[in-house]
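Please look over the chain below before reading on. The paragraphs that follow go through its domains, its core, its ligand shell and some points of backbone geometry.

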Amino acid sequence: MITIYNFPRGARGIRVFWVCEEMGLPYACEAVGYPPSAAYRALNPVGSVPFLTDDHGAAINESVAMMLYVAERYGPTPLLPAKTDPAFARVMQMTVFGEAALGAYMNPLMMAKFAAPEGQKVNWLTGALENRLGDAVNFVATVLGDQQYLAGGTFTLADISVSTAFDMWTGALGKAVPAALTAWQERVKARPAYTRAAAAQQR
Ligand SMILES: N[C@@H](CCC(=O)N[C@@H](CS)C(=O)NCC(=O)O)C(=O)O
């Protein structure tokens, strides 16, 4: 059984729930408190969520690694095309992009917004990060173009990774995404697997 440890309403666990739901895989959710307990830190010394374990001996952090792992280990699945498929490179790129170029840069902005002392919430670095993220968000619109999904006509891990990063951008950070991405956002969130994953995210 796949077990996913997450903060209730944690922003990244939904990536893994969503992959499992799309693939029809059973999984268990384990709620992690904040700050994480010593027992959780023994499992994941970094103390971050999500964290995944399974019966094959996996015990890993990093949400995008979990998505790729589940798709590979429990696939095949259309979420991750075969390496000979022309869409494969784009899926790999945009799946990683969702965290490396989007989510990871949002963390310091969320820390500044919610944890920095008054008077230190806005500074040179927050401005630089917002500019960089704005460019990255616009790049997603360029990649999408007039396609249905980020890697073409098929919904993939790339759509899950990037759309969940956008939820942090528009939710916790209160920013906007280009209108060119609205129809795509609505399309991916209309999926029944998303609805089930969003319910799991509340646990
Ligand atoms: N790159 C990591 C980021 C993990 C991360 O920052 N998770 C947040 C919650 S969504 C967290 O654990 N925040 C609490 C902390 O870092 O102390 C991933 O994709 O899993």
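Two residues are said to be in contact if their C-beta atoms, placed from the backbone, lie within 7 Å. The model is a predicted one: local features need pLDDT of at least 70, side-chain atom pairs count only at pLDDT 80 or more, and totals for chains, interfaces and linings use all residues. Residue numbers start from 1 along each chain as its sequence is written.

Start with Val16. Leaving aside neighbours within four places in sequence, Val16 is in contact with Ile4, Pro50, Leu52, Ser63, Met66, Met67 and Val70. Val16 also belongs to the largest nonpolar core, where it is one of the residues with the most contacts inside that core. A nonpolar core here is a set of buried Ala, Val, Leu, Ile, Met, Phe, Trp, Tyr and Cys residues joined through C-beta atoms within 7 Å. Burial is a count of other C-beta atoms within 10 Å of a residue's own: 20 or more is buried, 12 or fewer is exposed, and in between is partly exposed, with C-beta atoms placed from the backbone.

The largest core has 45 residues, and Val19, Met67, Val70, Ala71, Leu157 and Val162 are also among those with the most contacts inside it. Because domain 1 (2-77) and domain 2 (88-194) both give residues to this core, it lies between them. In soluble globular proteins, nonpolar side chains tend to be buried together.

The bounds of the two domains come from an automatic or database domain assignment, which gives 2-77 for domain 1 and 88-194 for domain 2. Their C-alpha centres lie 20 Å apart. Across the boundary, 13 residues of domain 1 are in contact with 13 residues of domain 2. On the side of domain 1 that touches domain 2, α1 (13-23) and α3 each supply at least two residues, and the largest share, 6 residues, comes from α1. Helices (H or I, at least four residues) and strands (E, at least two) are DSSP runs, numbered from the N terminus. By type, this side of domain 1 divides into 8 nonpolar, 1 polar and 4 charged residues. In this division Ala, Val, Leu, Ile, Met, Phe, Trp, Tyr, Cys and Pro count as nonpolar, Asp, Glu, Lys and Arg as charged, and the others, Gly among them, as polar.

Where does the shell around the ligand lie? Both domain 1 and domain 2 give residues to the shell, so it lies between them. The ligand is surrounded by 16 residues, of which Gly10, Ala11, Arg12, Ser48 and Ser63 are the closest; a residue is near a molecule if its C-beta atom, placed from the backbone, lies within 6 Å of it. At least two shell residues come from each of α3 (63-74) and α4 (88-115), and α4 gives the most, with 4 residues. The shell divides into 6 nonpolar, 7 polar and 3 charged residues.

Some backbone geometry remains. Most residues other than glycine have a negative phi, and most peptide bonds are trans. The bond from Val49 to Pro50 is cis, with omega near 0 degrees, and Pro50 sits in the loop between α2 (38-43) and β3 (51-53). The bond from Gly75 to Pro76 is also cis, with omega near 10 degrees; Pro76 is in the loop between α3 and α4.

Arg9 is not a glycine, but has a positive phi of about 70 degrees. Arg9 is placed in the loop between β1 (2-6) and α1 and is exposed, with 12 other C-beta atoms within 10 Å. Glu62 likewise has a positive phi, of about 80 degrees. Glu62 lies in the loop between β4 (59-61) and α3, and counts as partly exposed with 16 C-beta neighbours inside 10 Å.
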